[in-house]
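Here is a short briefing on how the parts of this model meet. Have a look at the sequence and structure first, and then we can walk through the contacts together.

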Amino acid sequence: LQPAMVDAGVSSRLRETRRLVLDEAARQRRHRRALEALEADNFQADPHADLRVSKLAPKFSDEASSFGPSRDSLGGVAASADGKKSRKAKAAGGSGAVGTLGGRLRRNFAALLEEELARRAQLPGAAASGSTATPYELAQVGPSRLPPRHFCAVCGLLGPHTCVVCGTRFCSASCYSTHQDTRCLKWTG
Amino acid sequence: MSGKDTLIIDLGAGYVKIGSVSESEPRQVINSVTKAKHVKTRVFVGNELDECKDLSGLYYQLPFQKGYLLNWELQKQVLDHCLKPYADKRPLSEWQVIVTEPCINFSPVAEALDEVLFEEYGFKAVARLPAAFLAAQRDQRQRGVSPADHACLVLDCGYSFSHAAAYRRGRLVPGSVRRVNVGGKVLTNYLKEAISYRQLMVMDETHVMNQCKEDACFVSGNFDADLAAMSRAAQRSPLDSEAQERCQKLCCEYVLPDYAQHRRGFVRQLGSQKQQQQVVACCFCSFLFVWERGLPIHQEQTLRLGIERVATPELLFRPSDAGIPEMGVAEALCDTLSGLPPHEQPLYTDAVVLAGGSCRFAGFANRLETELRASLPDDFPLGVRCHGDPAAQAWLGGRDLALSPDGALECYAVSRKDYRITGPPCATKDLLSLPDACRGKSAELP
């Protein structure tokens, strides 16, 4: 072992018990979580989540408290039937009804995809053709023909070597000691 | 229906590009209702963010999820904000609108869009068209090719994903769409992680890092050579002049905004005396310096950027760099091409149209051309075309369509009267794929 990797002054028994090695399943889970983190809109939690409107605060009517101009000024719809409809929609309930247009639009993407799959399975031609893949799934590209590159987590250059404990890549002994000192198994991005 | 009172709304997951046909370029409005950390009394709808004094720690609420418009509560707020100047001029019932949708859409999403546009806003007519289609229209009209001869490949790199699609005679070739799930959002998150791991904790600062990505990142012509040059510099080996040049181009400082003197960060090139030292310092992780001491080195906070400047946009070409098991945009274009009839393929490669904000990186077109040229037979002509700002291409295509003298917009727009008869979704989709044999009469485009 190179001097940088050995903890001086710590007994070998302690070093062994401290050593937790992630198995393949754990590494895959970490990888999946990292990929999900890449798709996240925000890292932090909602900063206004703990806001509570005081009961003493005056309550204004629906129209004044809506964020944009009220529907009437923008709707421009003169017909009485439409006017009734918009009033009914406003009364039907607050944000939930508007956001999902009365619950018809799924709130999250996974549900949308499932619904699409179910719908296609019910089409008359589905059993005959045998494939129920949606156009969305068919458009998904496959894996690259080129081999993946791995980069050192510490400096960003090519990382041919892998940390035994957590599977992170590093490029040199100095990057490895930096990784061990501070980041091994502690980084949750 | 004349094209005079037409609004073109390019409804994107990142930005809404909106403008009337009389304007020459769109307004870019951020498509989010944003919460600021220190301002608890209000939220910022769209570009109201300009009124916010402190842009650190912003929390975005996006109506789009994975590239599809699912949350109308938020989207209505942003659209109300965007449409206000136009509604003030003339009531919305007198406007007709061209609005964009993703290349492959789901019927509930399309129905919801139609319903809101016709029933909530009451537009006179709506043309719901894919952004890639509008970019293809832009290409056809800008180059002056007749519609019957036009063929192109469109690469639309947006916020949530990137699509490659083939268009022939103004219609999508069925089965030619390929989707790579890498877009501006993934690139910004990748940069945030790299900087947070190596230098300064910026995971909360999406807005600032997005600006950093736009300002400092570019696409390298040869990423492997850049890596090799930086590795040699890190090992303090002597560098030849080409490697020296690469390192100097890459290493820079990015001064973070402090909202007192400047609201947006900027790239600061390093002075020539300190360049050699900085090159080496960039390669070694400087987070030990900043993080453990907890003090900024100078008065202002700066980031040291090196290989991250090119490694971030590199994800568009090699998503496997971040562990995403997909092919990059150049390979996706080749994949689209391989599904087309072999004798027609050269027609498509002659026009590879770039659209979408993530194509704006400096050096993108050159790199795409290099990669495609290497994958195509050498007797195929190759032309990567971008008619102006990639982010505005779909909007400009919509504008060209609205202004075109042959009244092409009529084929796509559905009037409110027809909507009331048939209900959602409107049948604009049928006109956009090549007709198949079993369809009776389908409208032939001029």
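Domain bounds here come from an automatic or database domain assignment. On that basis, chain B splits into domain 1 (6–137 + 391–422), domain 2 (152–183 + 321–385) and domain 3 (186–290 + 297–313). This is a predicted model, in which local features need pLDDT of at least 70 and side-chain atom pairs count only at pLDDT 80 or more, while totals for chains, interfaces and linings use all residues. Residues are numbered from 1 along each chain as its sequence is written, chains are lettered from A and ligands numbered from 1 in the order in which they are written, and side-chain values use heavy atoms, leaving out hydrogens and water.

**Domain 1 and domain 2 of chain B**

- The C-alpha centres of domain 1 and domain 2 of chain B are 26 Å apart.
- Domain 1 of chain B brings 20 residues to the contact and domain 2 of chain B brings 16, where contact means heavy atoms within 4.5 Å.
- About 1,300 Å² is buried between these two domains of chain B, with 68% of it on carbon and sulfur atoms; buried area is the accessible area (1.4 Å probe) that two parts lose on being put together, summed over both.
- On the domain 1 side, Cys103(B), Ala132(B) and Ala391(B) lose the most area to domain 2 of chain B, together 31% of what that side buries.

**Chain A and chain B**

- Contact between the chains involves 69 residues of chain A and 83 residues of chain B.
- Chain A and chain B bury about 6,900 Å² between them, and carbon and sulfur atoms give 58% of that area.
- Five salt bridges are found across the interface of chain A and chain B.
- Asp321(B) pairs with Arg149(A) in a salt bridge whose closest N and O atoms are 3.0 Å apart.

**Make-up of the chain A side**

- Helix α7(A) gives the most to the side of chain A that touches chain B, with six residues; helices (H or I, at least four residues) and strands (E, at least two) are DSSP runs, numbered from the N terminus.
- The chain A side that touches chain B holds 35 nonpolar, 18 polar and 16 charged residues, counting Ala, Val, Leu, Ile, Met, Phe, Trp, Tyr, Cys and Pro as nonpolar, Asp, Glu, Lys and Arg as charged, and the others, Gly among them, as polar.

Note on methods
Salt bridge = Lys/Arg side-chain N within 4 Å of Asp/Glu carboxyl O.
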